[in-house]
Amino acid sequence: MGLQLGDLVPRKAVEFKDLNGKVVAVDAFNAIYQFLSSIRQPDGTPLMDNNGKTTSHLSGLFYRNISLMAEGLKLVYVFDGEYHELKGKTHEKRKESRDKMAEGFKTALEEEDLEGMSKYARSSERLDAEKVAESKELLEAMGIAVVEAPGEGEMQAAHLVNIGEAYAVGSQDYDAVAVGGKRLIQNLTLSRKRKLPGGSFVYISPEILEYEKVLGSLELDRDQLICLAILVGTDFNPGGVTGIGPKKALTLVRTKKYPVAIFGELEEEGRLDFDWKEVFEIFKKPNVKDVKVSFPKLDEEKIKEILVEWPDFSEDRVYNQLEKLRGAKRKGDQQTLF
């Protein structure tokens, strides 16, 4: 959902050795979108097979997850289920944005503008049902658990952490914190190096946010944190309240303290164009279910079928990675949950 809380919440860098043996529940849509937008050719177009079908998502899922599993992590990918009707506005805005970017890419292509093509292509890719199905098939063949959420994937991932089925949520967004997820790890599925202007690189470290420390640092309770999220904007009330940024929102929540007081005055001023109580209830009582996570067996033949025989991946590279995956899976199977 992209809650704008980045400058407010405390975090700390974590090394991969500290995550050895841990189960991480990954927000699947969040991660796959990252792969679709970041794994690109120089002109911005995604990786494709000989038939023109996008394979960026499969490449990201295969190579990045093997790297994580080689570090000793056990992965659960949690997919979105049915989205709440309030999320319709967000989907409409995202579609409008993608359509606009697609038009920009078309113009840049006609003008042979490589920089423009790269810029627009990264934001125009869609995650459709076919890509979701392909992703699930590959993940399960890799021995990675797949969970279907009844609602929001990240909320379900947070629930898995809270019932002891996972150690932390892996996502770039902050929704897991807003619904009370004990731990959130960011930068997990990103490339560990980012290129800077001039050709140099900077290392991107995974960072962990812990719910109780977030509450303590912000001096808020659970209900107040949800109010803060609503004020700055969620997928259920995109844009939040006009004129209220993260810092102003934090001051307002600390001053008014209670949800009714926080939003009552804004209602009287006519500044709310959404039902805050309905949004509050979504975060207070998220649509989640109890799930016992089970990890499927590694299916190398299925992986070969998916990656080698169809999208024309490098056969030698896939086979080399399978050897690495085999060792990582064996190592993970020997470890306890925590």
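**View 1. The loop that holds G239.** G239 lies in the loop between helix α9 and helix α10 (246–256); helices (H or I, at least four residues) and strands (E, at least two) are DSSP runs, numbered from the N terminus. The model is predicted, so local features need pLDDT of at least 70 and side-chain atom pairs count only at pLDDT 80 or more, while totals for chains, interfaces and linings use all residues. Residues are numbered from 1 along each chain as its sequence is written, and side-chain values use heavy atoms, with hydrogens and water left out. G239 counts as exposed because its relative accessibility is 60%; exposed means over 50% relative accessible area, buried under 20%, and partly exposed in between (1.4 Å probe, protein chains only). G239 touches V232 and G233, not counting residues up to four places away in sequence, where contact means heavy atoms within 4.5 Å.

**View 2. The nonpolar cores.** A nonpolar core is a set of buried Ala, Val, Leu, Ile, Met, Phe, Trp, Tyr and Cys residues joined through side-chain atoms within 4.5 Å. The largest one has 56 residues, and L160, L218, L228, L231 and F263 have the most contacts inside it. Helix α9 (residues 222–232) gives the most to this core, with eight residues. F263 touches C227, I230, L231, L272 and W276, again leaving out residues up to four places away in sequence. A second, separate core of 43 residues includes L68, L139, I144 and Y167. In soluble globular proteins, nonpolar side chains tend to be buried together.

**View 3. Strand β2 and its two partners.** Strand β2 (residues 23–27) is mostly covered, as five of its five residues are buried. V23, A25 and D27 point one way from β2, whereas V24 and V26 point the other way. Two strands pair if DSSP finds at least two bridges between them. β2 pairs with strand β3 (residues 74–79) in the parallel sense over five bridges, and V26 stands opposite Y77 in β3. β2 also pairs with strand β5 (residues 168–170) in the parallel sense, over three bridges; here V24 stands opposite A168.

View 4. Helix α2 (residues 56–70) is largely enclosed by the rest of the structure, because 12 of its 15 residues are buried; among them are F62, Y63 and L68. At 1.5 Å a residue, α2 should span 21 Å, and its end C-alpha atoms are 21 Å apart, which agrees; the expected span is 1.5 Å times one less than the number of residues. Just after α2, G72 takes a positive phi of about 100 degrees. Helix α6 (residues 153–162) is also largely enclosed, because nine of its 10 residues are buried, including E154, H159 and L160. Just after α6, G164 takes a positive phi of about 85 degrees.
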